[in-house]
Every structure is written in structure tokens, then in C-alpha cells.
Amino acid sequence: MNGHGESDALVVPRKSSNKDGPPSAEGMEGRGAPEGSLHHQNKLRAQNRASVQNAMERIRQAAKRDRKLRFTSLYHLVYHLDSLRAAFFNLKRDAAPGLDGVTWRHYLDNLDSNLQDLSERLCREAYQARPVRRRYIPKSDGRLRPLGITVLEDKIVQRATVEVMNAIYETDFRDHSYGCRPGRKPHDALDAVYVVLYKRKANWVLDADIRAYFDNIDHQWLLRFLQHRIADRRLLRLITKWLKAGVMEDGELHELKGGTPQGGVISPLLANIYLHYVLDLWTQAWRHEFARGEMYIVRYVDDCAPRRALKGGNPCSDYAA
């Protein structure tokens with residue numbers, strides 16, 4: 001930890017540093033073993049996976065100990081081959097392809113070389129986010145929900161990024177936030193509402209929903225909020241690439257001035273981070289300073305009435321992944 005309260009010690013032990021250039025196959029995956037030494041390769045892969053998990057746990061513990069700690073060394077965990085491999089196998093196998101037409105099974109045909117190339121591009125920051133393909137699905141009220149279908153490599157990198165960021169933000173998010181979080185389901189939010197209504201002193205209920213929330217998230221404020229916890233400039237630049245990638249609709253590229261596409265792997269996490277600072281911390285402070293009597297809040301993404309979260313589609317559903 002440096003003098004500014006930032007952590008710079010959370011680095012996965014590896015044979016090469018960022019300054020050494022792209023990670024070698026031997027250093028990252030153990031493919032430098034003698035031909036036919038499958039046991040040796042598997043052993044090195046297991047060691048690499050363990051080192052990533054150990055680093056994630058150190059991040060989680062550090063974030064839990066100090067809510068003001070800013071992390072300066074996260075990006076290398078995103079482009080680590082084991083992170084990318086795990087992210088790939090966590091994606092939906094039959095999801096619709098993005099603009100490049102590459103499917104999960106097509107990418108699998110040359111998985112090792114594809115992931116190695118992706119890791120190297122990320123390491124030297126040559127990776128470029130692709131525009132998302134706009135698609136609409138019907139909602140229960142007759143309106144259409146706009147989705148952004150990302151290309152497969154963007155999904156892989158976003159999934160790896162989410163895993164790293166969850167180690168930090170799952171220690172920050174409040175208990176009344178239920179949507180789009182690991183181990184939490186819509187019915188958990190419904191159970192919380194039931195407890196408040198039938199086992200607490202609830203005289204009235206305020207039902208709030210943010211209209212077109214995913215389409216109107218302010219990019220500048222989102223990045224400012226992220227910097228409360230993330231001081232790794234390369235990770236922030238990576239997230240900015242996705243925010244600025246744009247949307248392709250009817251053959252035309254549209255620049256996004258705000259918002260984060262629904263259906264993107266990282267969009268639910270970014271949406272939760274934004275509302276954590278805009279709504280959750282504010283309501284917590286208001287409750288302690290101004291509220292009279294008891295006050296409870298249950299939030300499911302942008303909906304503060306989880307009984308409605310099951311209508312019109314689930315915003316946490318990973319349509320594109």
C-alpha cells in the first residue's frame with residue numbers, strides 16, 4: 001500500500017512483467033514442457049489457476065478491510081490466460097453472434113491460439129472493442145427492449161473483467177441490492193419485500209423505477225465513480241472502450257453519448273456500481289440523518305419495487321452472453 005492509500009502489491013506471481021511484452025506461452029500456460037509431458041502441463045495450469053484465485057482472494061480481503069482503498073494493479077488479472085479461458089467457458093454456447101459472426105463453437109476450434117492472441121493484444125493494449133449489434137425483444141407491456149449483442153471476444157474480456165471487479169464491489173454493495181449479483185435471484189428480493197410488509201412496521205410503500213436506465217447512464221459520472229476504487233488506468237481505459245464502442249443498427253454506426261447496452265456482459269455490474277453511489281449511499285445517509293421511524297429499501301437494479309422485477313423481462317438476463 002502506498003502513501004495515498006492505494007494497493008500496488010496485488011500481483012499474480014508470474015515469469016514476465018508488463019514491461020517484458022506479451023506473456024509467453026511457457027510463462028502463462030506451461031506449453032514449454034517437453035513434448036508429451038501432459039502431466040507437467042496440467043500441473044502448471046493448475047498452479048496458474050491457483051495463483052489467480054489467490055490474487056482474487058487478496059483483493060477481496062483488502063477491499064473488505066478498507067472501503068477507501070484504490071487498487072492500482074488489476075489489469076494483468078484480466079488478460080491472464082486462465083482468466084480468459086474461464087471466462088470463455090462461462091459464456092452461453094448457443095448465444096447469438098455479434099457483428100463478426102464468430103460463435104462460441106467456432107472460437108473453440110482454435111481456442112488455445114485464439115486466447116493467446118487475445119491475451120497478447122490485451123497486454124500491449126492493442127485490443128479494440130467492436131460496436132454492438134442492436135436487436136429488440138418484446139416486453140410484456142408491448143414495448144420493445146433494446147439489446148446490444150457484443151462480439152465473442154468482447155464477451156470473453158468483459159466476463160474476465162467482471163470477475164476481477166466483483167472481488168472489490170461485492171464487498172461494497174449494500175444488502176438491499178439484489179439484482180445482477182452473484183448468488184442473488186429475483187425471488188430473494190421478493191422475500192425481502194415480504195418480510196418488510198408482513199413482519200416489519202410498514203405503513204406505506206414507495207414504488208420507484210428509473211425509465212430507460214441502461215440507456216441513460218452518464219459515462220463521465222460512471223468513470224468518476226469507478227475511480228473511487230480503481231486506480232488502474234489500463235483497466236479504466238478498457239472499460240471506456242466498451243462505453244464508446246457504439247451501436248450498429250440497420251447498417252449505420254451510432255455513437256453512444258451515454259448508457260451501457262443491455263445484454264452486454266459487463267453492463268449489469270456497471271449499472272449496479274452507478275446506482276450504488278447515486279442511490280444506495282444517498283438513501284443510507286438520508287435514513288440515518290433525516291428519516292423518522294423505520295425505513296427499508298429493496299433494490300433490484302433500477303427497480304425499487306422487486307415485485308415488478310419479474311415483469312417485462314429480467315434486466316440481469318445475459319441475452320448476449
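**View 1. The side chains of Asp172 and Arg67 meet in a salt bridge, with a distance of 4.0 Å from N to O.** This pair links distant parts of the chain, since Asp172 belongs to the loop between α7 and α8 while Arg67 belongs to the loop between α2 (38-65) and β2 (70-71), 105 residues apart. The model shown here and in the views that follow is predicted. Asp172 has a relative accessible area of 5%, and because buried means under 20%, Asp172 is buried. Arg67, by contrast, has a relative accessible area of 47% and is partly exposed.

**View 2. Asp172 also meets the side chain of Arg229 in a salt bridge, here with an N to O distance of 2.9 Å.** The two residues again come from distant parts of the chain, with Arg229 in the loop between α9 and α10 and Asp172 in the loop between α7 and α8, 57 residues apart. Both Arg229 and Asp172 are buried.

**View 3. Lys185 forms a salt bridge with Asp188, and the closest N and O atoms of the pair are 3.7 Å apart.** Lys185 is partly exposed, with a relative accessible area of 48%. Asp188 also counts as partly exposed, at 23% relative accessibility. Elsewhere in the chain, salt bridges that share partners join Arg67, Asp172 and Arg229 into one network. A search of the whole structure finds 12 salt bridges.

**View 4. Strand β3 (residues 132-138) is joined by six bridges to strand β4 (residues 144-149), and these two strands run antiparallel.** Two bridges also join β3 to strand β5 (residues 247-249), and in this pairing the strands run parallel. Arg133 can be followed into both neighbouring strands, as its bridge partner in β4 is Ile149, whereas its bridge partner in β5 is Met248. The hairpin of β3 and β4 has five residues between the strands, and in this hairpin Gly142 takes a positive phi near 95 degrees.

**View 5. Helix α10 (residues 233-243) has as its buried residues Arg234, Leu235, Leu236, Leu238, Ile239, Trp242 and Leu243.** The cover over these buried residues includes several other helices, namely α3 (75-79), α6 (111-123), α7 (152-169), α9 (219-226) and α11 (267-289). At the start of α10, a side-chain oxygen of Asp232 reaches to within 3.1 Å of the backbone nitrogen of Arg234, and Arg234 is itself among the buried residues of this helix.

**View 6. A nonpolar patch on the surface is formed by Tyr194, Leu197, Tyr198 and Val205, which together have about 460 Å² of accessible area.** Of these residues, Tyr194 is found in helix α8 (residues 186-199). Tyr194 is partly exposed, with a relative accessible area of 46%, and therefore passes the patch criterion of over 30% relative accessible area.

**View 7. Asp280 has its place in helix α11 and counts as buried, at 0% relative accessibility.** When residues up to four places away in sequence are not counted, Asp280 touches Arg174, His176, Ser177, Leu275 and Arg299. Helix α11 spans residues 267-289 and is also part of what covers the buried residues of α10.

**View 8. Ala55 has its place in helix α2 and counts as buried, at 1% relative accessibility.** The C-alpha atoms of Ala55 and Leu77 are separated by 8.4 Å, while the two residues lie 22 residues apart along the chain.

View 9. Of its 321 residues, 49% count as buried. Among the contacts in the chain with a separation of 6 or more, residues 24 or more positions apart account for 75%. The accessible surface of the chain comes to about 16,800 Å², and 50% of this surface belongs to carbon and sulfur atoms.

Notes
Residues are numbered from 1 along each chain as its sequence is written. This is a predicted model: local features need pLDDT of at least 70, side-chain atom pairs count only at pLDDT 80 or more; totals for chains, interfaces and linings use all residues. Side-chain values use heavy atoms; hydrogens and water are left out. Two strands pair if DSSP finds at least two bridges between them. Helices (H or I, at least four residues) and strands (E, at least two) are DSSP runs, numbered from the N terminus. Buried means under 20% relative accessible area, exposed over 50%, partly exposed in between (1.4 Å probe, protein chains only). Contact means heavy atoms within 4.5 Å. A polar contact is a pair of N or O atoms within 3.5 Å; within protein, one must be able to donate a hydrogen and the other to accept it, and residues adjacent in sequence count only if both atoms are side-chain atoms. Patches are made of residues with over 30% relative accessible area and no salt bridge: like charges are joined within 9 Å, nonpolar side chains (Val, Leu, Ile, Met, Phe, Trp, Tyr) within 5 Å. Accessible areas come from the Shrake-Rupley method with a 1.4 Å probe; for residues, only the protein chains shown count as cover.
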